[in-house]
Amino acid sequence: MARKKISEVFTPRRSDINEKMYVGRPSLEKSLLRAIEGSQHVLLCGESGNGKTWLYRKVLHGNYYYIAANCANASHCSSITREIEQISFNDGDSKKISYVESKGAGLKAFVADANVSHTGSYELRQQDPLLEALKNISKRSPTESSIIVLENLESIFNSPELMDELARIILLLDDPRYAATKVKFLIVGTPTGVIEYFSKTKNLDSVSNRISELPKVGGLSDKEVKQLVTKGFVHELSINISENEIVFLADHIFNVTMGVAQRVHEYCEQLAFQIEDNDWNYNKDLIKNADWAWLTGGLRQSYAVLEGKLNSRDTSVARRNQAIFSIGKIRVHQFDTAIIEAHIRREFPETVKGKNLGISTILTELTAEPDPLLIRNQKTGQYRVKDPRYVMCIRTALFKDVHSGKVRKRNFIAG
């Protein structure tokens, strides 16, 4: 039997579900299904690459008829209604907005009868475009109810006009004329605080009572990464890797990718290429090659961000450099000020005696736009690295000088 192509197994940029590589997330799947079965619209949020699309498609497939609208397109045409209207028609369908009619009138002439032709153009009375779109979607649905998935909410989150339009549409769906179509929204995107946005918007506070917000879709757990690694390398690519090697490999991949599903697929893809080049034989030495191949995919941008966040001059302490170095060393994906400060005190004891380190201020500075290194969870106060490649870049570029005890930077550019 021919071995499958790597691109058929590890699919970091494919949005449709690869059933054989899907890793079940029972708690999230149950929460989403129960929310869909409820009376409210549903909000599904989580950072990019964490598997929101695979999750909702897995849950909805075979249970509900759904159709996806893209908020990015809505932003492009400045109308959510227009985007919904566009997806509500099948390819090749046309919408009749007017007609032309010719009428003949018989006239009595002195000598003979004559026909005079008159042509009139008439504009059809148009239904509300949103209601018409919902009716079209409802007609196409083989099930009693239908779901409109509004993807990429982040595309309109900073547009008050489009967010207000979304709020008005949600309120309209309670109107008997619209409710009769039995269409509800599943809103998918990266922003947090969507419910708070609606609850604080003037005259739109009731919108928040019509939306059920699900737990944030986070990265894969270490056990889920192990499942994905086993499925891909052992079951799909038929590579001979022992259970102990799988455990080691999965732990490494979990730590370098922080469990972000898309990054896990990217890394596994690169490792699979290394194994293919080694006549499909796996050994631990290939991990270093995979690390570098995966890292260089986004190294230039990561390295530029890292350079911009380091201390601009060689100070005696360079506390910010110590903090960034520590971020690369810790083995947790979310952390607070205390964790970073404890690491600095252990790693750089001569520079911290009796001093207030000011780590809270440093971590806040590292969240600054336009190129944040960290993202802060406003609810918990904890931080996480925005992109796992930043962690790899920190580990690769920064080192502790054994003579001076200072954090130093290797100057390198990916080829």
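Contact here means heavy atoms within 4.5 Å. This is a predicted model, in which local features need pLDDT of at least 70 and side-chain atom pairs count only at pLDDT 80 or more, while totals for chains, interfaces and linings use all residues. Residues are numbered from 1 along each chain as its sequence is written, and side-chain values use heavy atoms, with hydrogens and water left out.

View 1. Let's start with Val229, which lies in helix α10 (residues 222–236); helices (H or I, at least four residues) and strands (E, at least two) are DSSP runs, numbered from the N terminus. Val229 is buried at 0% relative accessible area, where buried means under 20%, exposed over 50% and partly exposed in between (1.4 Å probe, protein chains only). Setting aside neighbours within four places in sequence, Val229 touches Val234, Ile246, Leu249, Ala250, Ile253 and Cys268. Its C-alpha atom is 9.3 Å from that of Val247, 18 residues apart along the chain.

View 2. In α14 (residues 299–309), the buried residues are Leu299, Ser302, Tyr303, Val305, Leu306 and Lys309. They span an arc of only 160° around the axis (taken from the directions from the helix axis to the C-beta atoms), so they sit on the same side of α14. Arg300 and Gly308 are exposed on the other side. Among the elements covering the buried residues are α13 (285–296), α15 (319–329), α17 (359–365), α18 (388–397), β10 (398–400) and β11 (407–409).

**View 3. A look at cysteines.** Counting a disulfide as a pair of cysteine sulfur atoms within 2.5 Å, the total is zero. Cys77 is partly exposed, at 30% relative accessible area, whereas Cys393 is buried at 0%.
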